[in-house]
Amino acid sequence: MSKSSLDAIWASMNEEVAPKKIPDFEKLQKAKKSTKKKAEVNDPLKIYGAKKEKAAVVDVSEDSAPATTVEPVAISLAELQPKLTKEINAISDSNQVIRKNGLQNLHRLLFVEHKLTEREYSELFHDVCRPVFKRFADPVEKCRELAQRLTKAFFERAVDIVPVL
């Protein structure tokens, strides 16, 4: 390379290049903010892209009202037992997320989606009480709360729980 070509390259490198101007950047930002506000006012589901056709999720926490009311279906304990086995095993898992989901699903299956007789709730409580009572000492607060809520629901619906205690 010759000295003149190096000088030309050096000169081109030292030239100030004007930054590219973004057209009306501030207007674009304001437009984004205003559309979000309009979506919040009109329909909060539009913000998150949720579809109204999907089934509503029922929250089992006491302090919040459920989004929709689901009428429990009467079912026998024998029909419900295969579904319950998975959730009872999940309650004793070492993973805290699986335990929490197991407690939520157990509550949903027993008290939200399905309805048993008082006698069946008593029989079932005998099988479920030990793993649920162990969750009272769980390191995760949410699991402790769910176990207490599950026990309270059993106490409200079962006829005779004295043999278990």
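Author: In this predicted model, H6 passes H7 in a left-handed crossing, where left-handed is the term if the near helix is turned anticlockwise from the far one by less than a right angle, and right-handed if clockwise. Helices are DSSP runs (H or I, at least four residues) numbered from the N terminus, and strands are runs of E of at least two residues. Local features need pLDDT of at least 70 and side-chain atom pairs count only at pLDDT 80 or more, while totals for chains, interfaces and linings use all residues. Residues are numbered from 1 along each chain as its sequence is written, and side-chain values use heavy atoms, with hydrogens and water left out.

Reader: At what angle do H6 and H7 pack, and how far apart are their axes?

Author: Two packed helices are described by the angle between their axes and the distance between the axes. Here H6 and H7 pack at about 155 degrees with their axes 9 Å apart, the axes being lines fitted to C-alpha atoms over the stretch in contact, with angles from 0 to 180 degrees between N-to-C directions. That makes H6 roughly antiparallel to H7 (under 35 degrees is roughly parallel, over 145 roughly antiparallel, 65 to 115 roughly perpendicular, the rest oblique).

Reader: Which residues in H6 meet which in H7?

Author: Contact means heavy atoms within 4.5 Å. On the H6 side the residues include Tyr 121, Leu 124, Phe 125 and Val 128, and on the H7 side they include Leu 150, Phe 154 and Phe 155.

Reader: How many aromatic pairs does the structure hold?

Author: Rings of Phe, Tyr and Trp (its six-membered ring) pair if their centres lie within 6.5 Å; planes under 30 degrees apart are stacked, over 60 edge-to-face and the rest tilted. The structure holds 7 such pairs, among them the tilted pair of Phe 125 and Phe 154, at 5.1 Å centre to centre and 45 degrees between the planes. Phe 125 lies in helix H6 (residues 118-134) and Phe 154 in helix H7 (residues 141-157), so this pair ties together parts that are 29 residues apart in sequence.

Reader: Is Phe 154 buried or exposed?

Author: Buried means under 20% relative accessible area, exposed over 50%, and partly exposed in between (1.4 Å probe, protein chains only). Phe 154 is buried at 1%, and Phe 125 is likewise buried, at 1%. The rings of Phe 125 and Phe 155 have centres 5.7 Å apart and planes at 70 degrees, so that pair is edge-to-face, and Phe 155 is partly exposed at 39%.
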